[in-house]
Amino acid sequence: MNLGEVKERSTALGMWAYMATVGADSKPDVVPVHPCWIGDEVWVMIGKDSVKARNIAANPNVAMHWTASAEGDGVEVWGTAEVVTDVAEKVRVWTLFDYDLNAFAPGGPEESPDSAFAKITPERALWLAMYGMKGSDRWTAGS
Amino acid sequence: VTALSLDDVIEESKRFGRTAFVATASPDGEPHTVPVACTWIDGVLYAFVLTNGKKIRNIRTNPRAFVHYPVSEDTNWDSLMVTCDASVVDTLDGRRALWDRMGYDLSAFEPGGVESGNHCFIAMRPTQATVLRFYGLKGREVWRA
């Protein structure tokens with residue numbers, strides 16, 4: 001599996017993924033997010049002061065598992081994340097999502113100071129067909 | 001914030017179905033999350049998993065787990081999140097005690113039956129649970145141990 005296939009298969013699974021982060025106290029957290037592939041990175045709109053943002057500031061490791069299909073196919077992507085609050089970057093990506101971010105941040109990229117993005121650089125991925133019972137595929141950055 | 005009892009949490013979980021996303025963390029701080037079938041037994045959440053899987057390796061070194069039931073239109077975009085202290089049930093006696101109580105046929109996933117050590121159980125003792133109504137915009141309910 002190459003990164004293009006990771007993007008293709010994850011996108012085909014639907015709009016929802018579950019993003020896991022770990023706090024400074026080593027406690028895991030997982031929440032549903034609506035990710036968007038932009039180039040070779042995954043972007044997720046988040047609250048600037050959310051648990052996700054605080055966890056990423058303390059520990060940039062994230063794992064994302066897209067909602068599994070009815071057949072049990074699923075993909076998990078691991079990577080490192082950074083919280084993006086720079087307005088120019090927010091403006092750049094704001095309209096690249098497949099849903100209207102203004103519905104959640106009516107001030108738009110320039111007047112929504114509480115909104116931010118998690119930019120995730122994927123490092124590896126695991127595709128499981130029928131929860132792994134029908135096989136698996138892996139991708140690692142640089143491979 | 002409305003206070004819940006653990007019985008309220010268990011009842012609430014029935015709306016979401018059996019599968020939930022379980023997050024664990026490795027000793028070096030790498031998270032992992034997968035959808036897992038979870039069953040409440042005597043106030044503890046149990047999952048039947050591969051003994052050599054990542055979840056088990058993580059829990060043996062970091063006993064914290066976080067469970068998030070899937071959010072969907074079917075449940076009005078409500079969330080149910082459960083923070084847990086997790087442990088591994090991998091003894092034969094432990095597996096026997098749980099084998100017939102999960103609410104589905106475990107032998108479909110472990111043909112070797114209860115005697116096989118290839119699968120074991122995660123016991124997740126809840127310490128806190130939170131229900132967010134419509135992403136929290138319509139209220140928040142909390143239970144604490």
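User: Where is Thr75(B) found?

Analyst: Thr75(B) sits in the loop between strand S5 (64–68) and S6 of chain B. Keep in mind that this is a predicted model.

User: Thanks. Is Thr75(B) buried or exposed?

Analyst: Thr75(B) counts as buried, because its relative accessibility is 4%, and the cut-off for buried is under 20%.

User: And which residues does Thr75(B) touch?

Analyst: Leaving out residues up to four places away in sequence, Thr75(B) touches Arg15(B), Phe16(B) and Pro70(B).

User: Let's zoom out to the chain. How many helices and strands does chain B have?

Analyst: Chain B has 3 helices and 8 strands. Read from the N terminus on, the elements of chain B go β-α-β-β-β-α-β-β-α-β-β.

User: What about the radius of gyration of chain B?

Analyst: The radius of gyration is 15 Å for chain B, which agrees with a compact globule, because one with 145 residues would come out near 15 Å. The C-alpha trace of chain B spans about 45 × 35 × 25 Å along its principal axes.

User: What share of the residues of chain B count as buried?

Analyst: Of its 145 residues, 54% count as buried. As for contacts in chain B with a separation of 6 or more, residues 24 or more positions apart account for 62% of them.

User: Nice. Now helix H3 of chain B: which residues are buried there?

Analyst: Helix H3 of chain B covers residues 92–99, and Gly94(B), Arg95(B), Leu98(B) and Trp99(B) are buried in it. They lie on the same side of H3(B), because they cover an arc of only 130° around the axis.

User: What covers the buried residues of H3(B)?

Analyst: The cover includes four strands of chain B: S3 (31–41), S4 (44–50), S6 (79–89) and S7 (119–132).

User: Switching to chain A, which residues of its helix H3 are buried?

Analyst: In helix H3 of chain A, residues 87–94, the buried ones are Lys90(A), Val93(A) and Trp94(A). Their arc around the axis is only 105°, so they are on the same side of H3(A).

User: And what covers those?

Analyst: For the buried residues of H3(A), the cover includes strands S3 (36–38), S4 (41–47), S6 (74–84) and S7 (115–128) of chain A.

User: I'm also curious about an alanine. Where is the place of Ala53(A)?

Analyst: Ala53(A) belongs to helix H2 of chain A, residues 51–58. Ala53(A) is buried, with a relative accessible area of 6%. Not counting residues up to four places away in sequence, Ala53(A) touches Ile46(A), Gly47(A), Lys48(A) and Val83(A).

User: How far apart are Ala53(A) and Ala141(A)?

Analyst: C-alpha to C-alpha, Ala53(A) and Ala141(A) are 24 Å apart in space, and they are 88 residues apart in sequence.

User: Last one: is Ala24(A) exposed or buried?

Analyst: Ala24(A) counts as exposed, at 75% relative accessibility. Ala24(A) lies in the loop between strand S1 (17–22) and strand S2 (28–33) of chain A. Ala24(A) and Asn59(A) are 35 residues apart in sequence and 6.8 Å apart in space, C-alpha to C-alpha.

Methods: Residues numbered from 1 in each chain as written. Chains lettered and ligands numbered in written order. Predicted model: local features only at pLDDT ≥ 70, side-chain atom pairs only at ≥ 80, totals over all residues. Heavy atoms only, no water. Buried < 20%, exposed > 50% of the residue type's maximum accessible area, 1.4 Å probe, protein only. Helix = DSSP H or I, 4+ residues; strand = E, 2+ residues; numbered from the N terminus. Arc of directions from axis to C-beta. Contact = heavy atoms within 4.5 Å. Rg over C-alpha atoms; globule rule 2.2 N^0.38 Å.
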